[in-house]
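Colleague: I would like to learn how to read the features of a model like this one. Please take them one at a time, general idea before case.

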Amino acid sequence: MQRHKQGDEKFNSFLSEKVVAVAGDVSLHNFGIKDQTLLEKMLEDIEIIVHSAATTRWDERFDIAMSTNTMGAYNTLNFAKMCPRIQVFLHVSTAYVCGEEKGLKPEEPFQMGQTLKGSLKLDINLEKKLIEQKLSELHTQNANEETITSIMKELGATRANLHGWPNVYVFTKAMGEMLVTNMKGNIPLIITRPTSIISTHSKPFPGWIERAGTIDFVLVEYFKGARTSFVGNPKVTIDLTEDWKFMSSSWFDHRFAITSYGSGSLLAFEFSGSQMVQIPADMVINSMIIALLIHSMSNPSNNLIYHIGTSLRNPIKLSDIQDLMHLYNNTKNPWLKNYEKFGAFYEKFTFNPNYTEDHELLQRKGAKRSRLKRIINIYRTYLCFEGIFDDKNTEKLRMAIKDVGSVDKEFNLDPKSIDWKDYLMNVHFPGLVKYTIQPKM
């Protein structure tokens with residue numbers, strides 16, 4: 001939007017004054033930066049760090065998820081400790097670190113070694129050793145990359161399930177939370193936990209989304225005429241969050257940018273990968289900005305966790321989305337209107353909590369049963385989830401900016417402002433078609 005207003009030349013000049021992009025890898029000490037002059041300048045200038053670099057693939061290799069989601073958080077925290085002007089460290093997690101139990105989920109931190117199975121104790125160093133041992137064993141066997149990937153994915157899933165988490169993504173994100181919470185020292189800490197992230201509500205423009213994840217995968221398949229049923233409980237409340245991934249999710253080297261604010265700087269890391277309670281993306285960003293502003297001004301002593309979602313204050317059930325999917329397909333979907341041969345798929349989509357790979361095999365010939373079973377079980381976790389996310393802390397942010405000039409309008413973070421029918425029918429569904437389906441036509 002600023003580029004459109006200012007023109008390419010002025011906008012590029014503005015960016016060159018405000019933003020310095022530095023290549024780095026959060027899985028390495030000091031992000032692997034070898035230029036000592038650059039490193040010293042970063043340490044000297046940075047006042048705020050937003051750490052969101054992650055792989056969000058639910059079935060990621062255990063070694064990759066550990067190095068990025070867990071040790072990446074640890075390495076970034078250690079970097080923050082070396083910044084003499086640091087004011088606040090914001091760590092982006094996920095609401096689904098809570099696991100699969102139903103009920104109200106509080107905004108509470110993890111204790112070091114805590115698991116979701118009370119009888120067990122989690123040792124992060126042991127998990128790292130298991131990874132090293134398994135990789136060493138595979139290399140000794142001269143295993144090929146495909147075999148290594150398969151076995152490391154299986155190891156991650158097994159270890160996550162052992163400790164009560166449904167997949168390696170939320171398992172390694174929970175361990176990352178444990179490290180930053182319990183090893184932060186004097187660093188002021190914020191942890192944000194967004195739910196499922198979907199397209200923007202308003203800014204930079206309505207409906208912006210770069211890829212289809214969680215429920216959007218199902219929507220895209222239905223809108224293309226490729227699927228009419230999938231796993232899911234239509235009775236559950238779905239929590240949605242608007243998509244806030246600013247950069248391409250295909251980046252996997254965890255780039256970051258330093259943005260100047262007056263005499264200080266903010267270090268922001270890209271969030272890479274995929275994320276089901278839902279909320280529009282710009283509301284997630286707005287929540288993070290306001291949390292940073294309030295914490296940098298007041299420097300509260302308590303570490304605060306913020307759930308960013310809609311399930312408590314503006315719930316929508318999966319059955320409601322199911323109805324709106326059918327309405328959109330029959331009245332507005334340009335994809336199906338352009339391809340009459342898909343007319344058979346104007347039928348209503350069905351979410352079935354008992355959906356199995358047998359149902360899938362009927363729709364997809366030649367599919368591999370084991371892979372289908374894994375995918376369906378992963379989606380079952382989110383599309384049958386019966387938890388509600390408490391957001392008392394996030395509500396305090398909303399109250400803090402209420403009636404403060406135009407701040408609450410410019411930085412809208414109120415889920416009650418979402419009219420689900422209008423947003424889904426006129427913003428999100430069209431955005432999915434425009435940005436994730438039509439580019440591939």
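Colleague: Is F31 buried or exposed?

Modeller: Start with the cut-offs. Buried means under 20% relative accessible area, exposed means over 50%, and partly exposed lies in between, with a 1.4 Å probe and protein chains only. F31 has 2% relative accessibility, so F31 counts as buried. Its place is the loop between β1 (19-22) and α3 (36-45). F31 also has a positive phi of about 60°, although it is not a glycine.

Colleague: What should I know about the model and its numbering before going on?

Modeller: This is a predicted model: local features need pLDDT of at least 70 and side-chain atom pairs count only at pLDDT 80 or more, while totals for chains, interfaces and linings use all residues. Residues are numbered from 1 along each chain as its sequence is written, and side-chain values use heavy atoms, with hydrogens and water left out.

Colleague: How are the helices and strands defined?

Modeller: They are DSSP runs, numbered from the N terminus: helices are H or I with at least four residues, strands are E with at least two.

Colleague: Which residue with a positive phi follows α5?

Modeller: N142 follows α5, with a positive phi near 55°. N142 is not a glycine either. It sits in the loop between α5 and α6. N142 has a relative accessible area of 68%, so it is exposed.

Colleague: How do I judge the length of α5?

Modeller: Compare its span with an expected one. The expected span of a helix is 1.5 Å times one less than its number of residues. α5 has 17 residues and reaches 25 Å from its first C-alpha to its last, close to the 24 Å expected.

Colleague: Which residues of α5 are buried?

Modeller: They are I124, E127, I131, L135 and L138. These cover an arc of only 70° around the axis, so they lie on the same side of α5. The arc is that of the directions from the helix axis to the C-beta atoms. On the other side of α5, K129, E132, Q133 and T140 are exposed.

Colleague: What do the buried residues of α5 pack against?

Modeller: Read packing from contacts, meaning heavy atoms within 4.5 Å. The buried residues of α5 pack against α4, α6 and α7 (168-182).

Colleague: What happens at the start of α5?

Modeller: A side-chain oxygen of D123 reaches to within 3.0 Å of the backbone nitrogen of N125. A polar contact is a pair of N or O atoms within 3.5 Å; within protein, one must be able to donate a hydrogen and the other to accept it, and residues adjacent in sequence count only if both atoms are side-chain atoms.

Colleague: How many salt bridges does the structure hold?

Modeller: A salt bridge is a side-chain nitrogen of Lys or Arg within 4 Å of a carboxyl oxygen of Asp or Glu. The structure holds 18 salt bridges. One of them joins the side chains of R85 and E47 at 2.7 Å, N to O. R85 lies in the loop between α4 (62-81) and β3 (88-92) and E47 in strand β2 (residues 46-51), so the pair ties together parts that are 38 residues apart in sequence. R85 is partly exposed at 31% relative accessible area, whereas E47 is buried at 14%.

Colleague: Which residue forms a salt bridge with K153?

Modeller: D59 does, with the closest N and O atoms 3.8 Å apart. D59 is in the loop between β2 and α4, and K153 is in helix α6 (residues 145-162), 94 residues apart. D59 counts as partly exposed at 23% relative accessibility, and K153 counts as partly exposed at 28%.

Colleague: Are R159 and E127 buried or exposed?

Modeller: Both are buried. Their side chains meet in a salt bridge at 2.8 Å, N to O. This pair links R159 in helix α6 with E127 in helix α5 (residues 124-140), 32 residues apart. Elsewhere, R313, D391, E395 and R398 are linked in a network of salt bridges.

Colleague: In what sense do β5 and β13 pair?

Modeller: Two strands pair if DSSP finds at least two bridges between them. Strand β5 (residues 189-194) and β13 pair in the parallel sense over five bridges. I190 stands opposite L304 in β13. Strand β13 (residues 304-308) is mostly covered, with four of its five residues buried.
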